[in-house]
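Please open the model in your viewer and keep the selection tool at hand.

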Amino acid sequence: MTVPLSWYLIFATALFSIGFFGVLARRNAIAVLMGVELMLNAVNVNLVAFWRYLTPTDLSGQIFVVFVFAVAAAEAAVGLALMISIYRTRKSINVDELNELKL
Amino acid sequence: MDLRSIGEAFIAWLQGLGIPQGWVLLINWLLGTLIILGFALTLALVLIWLERKLAGRIQDRLGPNRVGPFGLLQPIADALKLLTKEDITPADADRITYNLAPIIAVFHILMMFAVIPFADRVVGANINVGVLYLMAFGALGTMAMLMAGWASRNKYALLGGFRVVAQLFSYEIPIAMVMMIPVLLVGSMNLNEIARGQGSLFGLGWFVWVMPAAFLLYLVAALAEGERAPFDLLEAESEIVAGYNIEYSAMKFAWFYLAFFLNTWILSAVAATLFLGGWQGPFVDRIPALGVVYFFGKTFFMFFLFAWIRATFPRLRIDQMMAFCWKVLVPMSLALLLGAAILVKLGQQLAWPFAVTGGLLFVMNVVVLLVTLSLLGRYTRTLHQQQNKRLFTPELPRL
Amino acid sequence: MIAQQYGLVGVFALIAFLFPIVTLAFTWLIRPKRPNPIKQSTYECGIETVGDAWVQFRAQYYLFALIFVVFDLEAIFLFPFAVAFNKVGWFALFEAILFVLMLFFGLIYAWKKGALEWQ
Amino acid sequence: MVGQVLFILVAAITLLMALGAVVAKNLFHAALFLVGVFFGIAVLFILLDAEFLGVAQIVIYIGAIATLIVFAIMLSKNVMGKEAGAYNRNWYAAMAGAVFLFLLLAWLLLKAPFQMVSADVPADAITQIGQGLVGTYVVPFEVASVLLLVALVGAIMLARER
């Protein structure tokens with residue numbers, strides 16, 4: 001355990017911020033989804049790091065990450081299916097052109 | 001003679017020289033890596049020769065017979081040729097991805113050698129998640145194929161890449177479910193522990209005896225995972241020219257070719273470890289070195305089986321293949337998994353002797369296999385009667 | 001330390017990754033290099049390529065990938081269960097069966113909807 | 001010491017890959033960078049002694065999710081064009097927001113006191129995960145199966161060609 005916990009936390013924060021930037025700045029919806037995946041991974045790193053440093057004998061932290069896997073996969077599957085469906089009708093998946101719901 | 005004790009003696013000798021612990025570990029890892037990698041690369045040359053010779057003999061040809069005795073030096077001549085050949089990169093290709101793909105392809109397959117137990121505890125890394133580790137690096141291989149297909153910027157390559165990935169995807173599911181059965185019976189994902197768990201009955205208590213249907217299912221799915229005939233649609237020359245590696249030449253092609261043969265060997269080794277007892281066999285507890293002989297005997301037997309099937313069977317159509325996976329293999333593997341789980345739990349609760357549980361597992365396997373085959377037979381027969389051109393599209397049974 | 005068991009895997013990964021790169025670099029040094037436009041053109045049995053090679057694919061591929069993802073996750077959930085199998089009771093087995101059946105319904109739905117047909 | 005060097009190397013490469021994933025103009029390249037990030041995080045999990053999660057990360061994220069993303073990229077053709085990776089008009093605001101978020105979170109995390117426990121990971125960690133999944137966490141376990149079923153049904157409904 002030579003690596004301090006704070007290093008992992010800073011790393012996860014940096015990863016989260018990069019993903020956050022990707023979500024906000026990208027025009028393409030698939031690229032936005034990639035940013036979301038980066039953010040979810042940052043959360044996973046934090047969960048595992050906290051598990052290892054704070055409660056290493058209780059495996060709840062790892063079990064939680066398995067559930068995050070499930071949520072991430074479900075989100076990616078439905079999100080990408082949505083984009084394919086939108087692309088089929090609109091021939092574009094740029095988020096700033098998708099304003100069907102605008103008043 | 002025990003390979004493990006040689007390694008331990010070597011570590012003790014290094015420590016005796018006064019080298020710090022960290023360096024001893026590093027030297028140990030480095031040596032282990034070099035031994036396994038050297039073995040894997042030599043093995044590839046042997047396998048290429050073996051497969052060509054076997055296919056030749058089965059098809060009443062001679063096979064390689066010019067270079068060296070029995071053509072044994074043929075792979076070396078091929079390797080030299082491929083090393084010195086001109087390498088053609090398509091002008092439109094995406095350079096970095098194009099060059100990275102063969103590297104990843106050979107990387108993912110070499111990585112799998114690190115966890116294969118060659119004899120009791122003679123294994124590169126004796127990790128607790130061996131089975132999942134194999135699945136993980138298998139997944140990396142699909143990425144390499146997608147990269148190759150996309151980066152070549154060739155319609156056939158891209159189509160071939162997508163096809164093969166769809167195929168590997170689909171067959172990964174029944175393989176994962178079937179690999180779970182030995183894990184469930186032993187209670188560990190460690191490949192060495194799984195081999196050790198098959199040591200009953202004088203070293204012959206292999207899982208293939210209690211789960212024959214699971215083993216057959218693994219065999220069929222492994223043919224597809226290894227992209228081998230009759231499931232080698234990625235290289236269906238008449239349909240998509242050659243598949244994802246069409247634009248590759250010289251050494252880059254050689255890496256794909258090598259990865260293909262090593263992949264078959266790894267699938268054989270995994271089948272041997274999970275279902276045929278790995279290094280287990282009679283007298284292995286007294287003479288541990290026999291484990292290596294047993295392991296290689298079983299693995300090469302499996303490899304021979306794969307080569308035999310490849311040299312004999314015609315190719316399937318892609319729609320038949322996908323339908324076969326999702327409509328037959330996946331339900332069958334789930335039935336086998338759940339059946340095994342219920343029977344083993346029953347056996348534990350009622351304290352049945354091992355023979356009773358094993359016998360019931362065997363009966364369950366035979367029943368599942370027969371039900372699957374009879375359903376399949378019924379559908380092919382009705383389809384024949386309807387004069388349907390599609391030979392194989394089973395429907396859900398009418399409930 | 002579990003991580004230490006992976007020392008060999010790490011060293012192995014490094015060498016297994018560098019080895020093909022070194023060989024490719026080596027062949028780059030010794031092989032002939034005589035490129036010309038015809039040689040470097042895209043191979044399509046001698047016919048001129050029409051349009052961009054990065055064509056659009058049908059959603060069929062995506063549907064297979066989708067079903068695969070769901071079942072892959074099922075495998076990840078079931079592997080720890082299989083490892084712990086000898087230490088859990090009937091109730092846990094019942095839970096696992098329910099879990100598998102739930103996804104099996106998904107497979108049957110996909111089957112009924114024709115998502116498993118390769119056209 | 002060795003652990004620290006390893007961590008810095010892996011973390012630096014992973015962060016560079018992550019940057020590549022959000023700046024790459026070509027979406028396929030972005031997806032490949034994403035694969036690199038996933039691999040780096042798997043290595044970090046193993047450095048954190050979570051071996052099951054390390055390999056599961058590769059199986060799920062590289063084997064399933066990254067491939068799903070690549071398939072989706074291929075399915076929407078002009079996404080592969082030059083403009084695909086472009087940013088929207090507010091990208092500099094997003095940049096400022098991301099930097100601000102990073103500084104804020106880093107400051108908070110460094111200030112927060114954590115009760116460190118130095119103990120070894122139990123040897124039967126995977127068994128305990130399995131027991132937890134069908135024991136304490138049995139409700140989320142079943143809900144996860146329902147979630148996956150719903151995702152499957154919904155995604156098939158959306159993606160099917162009619």
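Two residues are in contact if their C-beta atoms, placed from the backbone, lie within 7 Å. This is a predicted model, in which local features need pLDDT of at least 70, side-chain atom pairs count only at pLDDT 80 or more, and totals for chains, interfaces and linings use all residues. Residues are numbered from 1 along each chain as its sequence is written, and chains are lettered from A and ligands numbered from 1 in the order in which they are written.

Begin by displaying chains B and D: their contact takes 18 residues from chain B and 16 residues from chain D. On the chain B side, the largest share, 11 residues, comes from α5(B) (helices being DSSP runs of H or I, at least four residues, numbered from the N terminus).

Next, select α5(B), residues 130–151, together with α4(B), residues 95–112. Their axes, which are lines fitted to C-alpha atoms over the stretch in contact, with angles running from 0 to 180 degrees between N-to-C directions, come within 8 Å and cross at roughly 160 degrees. α4(B) is therefore roughly antiparallel to α5(B) (an angle over 145 degrees). Among the residues making this contact are B:Ile104 and B:His108 of α4(B), and B:Phe137 and B:Trp150 of α5(B).

Finally, select α14(B), residues 318–349. At B:Leu329 this helix bends by about 30 degrees, and B:Pro331 follows within four residues; the bend is the angle between axes fitted to the seven residues ending there and the seven starting there. After α14(B), inspect B:Ala351, whose phi is positive, near 50 degrees.

Methods:
Helix = DSSP H or I, 4+ residues; strand = E, 2+ residues; numbered from the N terminus. Parallel < 35°, antiparallel > 145°, perpendicular 65-115°, else oblique. Expected span 1.5 Å × (residues − 1).
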